[in-house]
Amino acid sequence: MTGPRTRPWRRFERDLTGRLTVQVRPAWLQLAKGAAAAILTWFVCLAIFPSQLPIFGAIAALIVMQENVDQSLTRGLERVLGVLVGVSVALGAGALFGPQSWLFIAAIVVAMGVGWLLRMTPSAANQTAISALLMIALGGLELHYGAERLVETAIGAAIGVAVNALVVAPVRTSSVHLAIVELTEHAAAVLRRLAETLEEPRANAWLAEMLAQARGLQEERSRVHALLRQARESLRFNPRSRRYREGLAEDDEQFQRLQRIVTQVVGMARALADNYAPDLVEDPAVAGMAEEMRRAAHDLERLVAPESGSGEPDPPALTRPFAIPQPNPRYWVLIGSLMEDLRRVRGRITGELE
């Protein structure tokens, strides 16, 4: 049995699980590369500094193993800078106060303060404090010890970046095209839903569902934008980028056109939902407008699926001009708004407004 007291706990459990897990497991190859970089760093640093365990180097190799080479390079620079400042803080504190028990607290405060003064990122500032604590905890308050740890960190960061770049460097372009296709198809579906709204009287529930479906395009557009940003980052400093740049540029161009179409489609849905009346469908101009919306939906889908099953290109549907000879005195604002948005959608599809 489940009572009301167990429901808050289950909600808390789901929320906690969502914070600690991801929907898609990270690529096993990235995990293997991180382990390999740390192990390689360990033996390289042991060969150079045999008297010390290369903890700083292994940590750096693990930290810089990110989703793309650009992020790895950024994390590597942050780690080296954080260790440099942290080691300097630890050495300075040790020289001034000696090995005191409260030196840890002083190092944390000073390290975070220096990070704030230098306008370091939160990640780099945290690296500064962690490095200072490690220096003091390991008992290395001498200059040569700090210099060795800095060199060790640079070696680990360099090995991590090199392994991530040279061993199947991550590329995040595969999901972009699929997301753009889905967004295009959903925008076309909303256009058809708008046409259905104009063909016969609809209830408020229908209008609310139609508007919710249109507003969902905005979330999809944001998701595609984030995927494009991730894809661009994954190709930066990537040795494998040349073979993917052309396809990503085409997807980016398609998205720039599509996101403007989404803006017009959402505006049409909002205007129709706010100003709809059942007798709107009796207006003579509305029937032709619904047909034009279906034509626009057809041509919008052609942007991502230009060929039919027979291999021949589908002809464009927007081939006939549509005009309203006399505006309706009651609905002329709504009809005019829909026509202007539809004109912009057509211009984006055909490229006339580019």
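Reader: Why is Glu209 called partly exposed?
Author: Glu209 has a relative accessible area of 48%. Buried means under 20%, exposed means over 50%, and partly exposed covers what lies in between (1.4 Å probe, protein chains only). The 48% of Glu209 falls in that middle range, so Glu209 is partly exposed. A word on the background: this is a predicted model, in which local features need pLDDT of at least 70 and side-chain atom pairs count only at pLDDT 80 or more, while totals for chains, interfaces and linings use all residues. Residues are numbered from 1 along each chain as its sequence is written, and side-chain values use heavy atoms, with hydrogens and water left out.

Reader: How do you know that Glu209 forms a salt bridge with Arg193?
Author: A salt bridge is a side-chain nitrogen of Lys or Arg within 4 Å of a carboxyl oxygen of Asp or Glu. The closest N and O atoms of Glu209 and Arg193 are 3.4 Å apart, so the pair meets that rule. This pair links distant parts of the chain: Glu209 is in helix H9 (residues 204-235) and Arg193 in helix H8, 16 residues apart. Here helices (H or I, at least four residues) and strands (E, at least two) are DSSP runs, numbered from the N terminus. Arg193 itself counts as buried, at 12% relative accessibility.

Reader: How many salt bridges does this rule give?
Author: The count comes to 13. One of them joins the side chains of Glu291 and Arg295, at 3.7 Å from N to O.

Reader: What separates Glu291 and Arg295 along helix H11?
Author: They are 4 residues apart, which means about one helical turn. In general, an α-helix has 3.6 residues a turn, so residues three or four places apart point the same way. Glu291 is partly exposed, with a relative accessible area of 37%, whereas Arg295 is buried at 14%. Elsewhere, salt bridges that share partners join Glu148, Arg149 and Glu152 into one network.

Reader: Is Arg149 buried or exposed?
Author: Arg149 is buried, because its relative accessible area is 1%. Its side chain meets that of Glu148 in a salt bridge at 3.6 Å, N to O. Glu148 is partly exposed at 22%.

Reader: What is the expected span of helix H11?
Author: The rule is 1.5 Å times one less than the number of residues. Helix H11 (residues 284-302) has 19 residues, for which 27 Å is expected. From first C-alpha to last, H11 reaches 29 Å, close to that expected value.

Reader: Which helices do the buried residues of H11 pack against?
Author: They pack against H8 (174-199), H10 (242-275) and H12 (332-350). Among these buried residues are Met289, Met293 and Leu300.

Reader: Which residues does Gln254 touch?
Author: Gln254, in helix H10, touches Ile180, Thr184, Leu303 and Val304, not counting residues up to four places away in sequence. Such a contact means heavy atoms within 4.5 Å. Gln254 counts as buried, at 13% relative accessibility.

Reader: What makes a nonpolar patch out of Phe104, Ile105, Ile108, Val109, Val110 and Met112?
Author: Patches take residues with over 30% relative accessible area and no salt bridge; like charges are joined within 9 Å, and nonpolar side chains (Val, Leu, Ile, Met, Phe, Trp, Tyr) within 5 Å. Ile108, in helix H5 (residues 103-117), has 36%, so it passes the area cut-off. Together the six expose about 510 Å² of accessible area, a value from the Shrake-Rupley method with a 1.4 Å probe, where only the protein chains shown count as cover for residues.

Reader: What is the phi of Arg119?
Author: Arg119 has a positive phi of about 60° although it is not a glycine. Most residues other than glycine have a negative phi. Arg119 lies in the loop between H5 and H6 (122-137), and its 78% relative accessible area makes it exposed. Val168 also has a positive phi, near 50°, and is found in the loop between H7 (143-166) and H8.

Reader: How many helices and strands does the protein chain have?
Author: It has 12 helices and 0 strands. Of its 354 residues, 41% count as buried.
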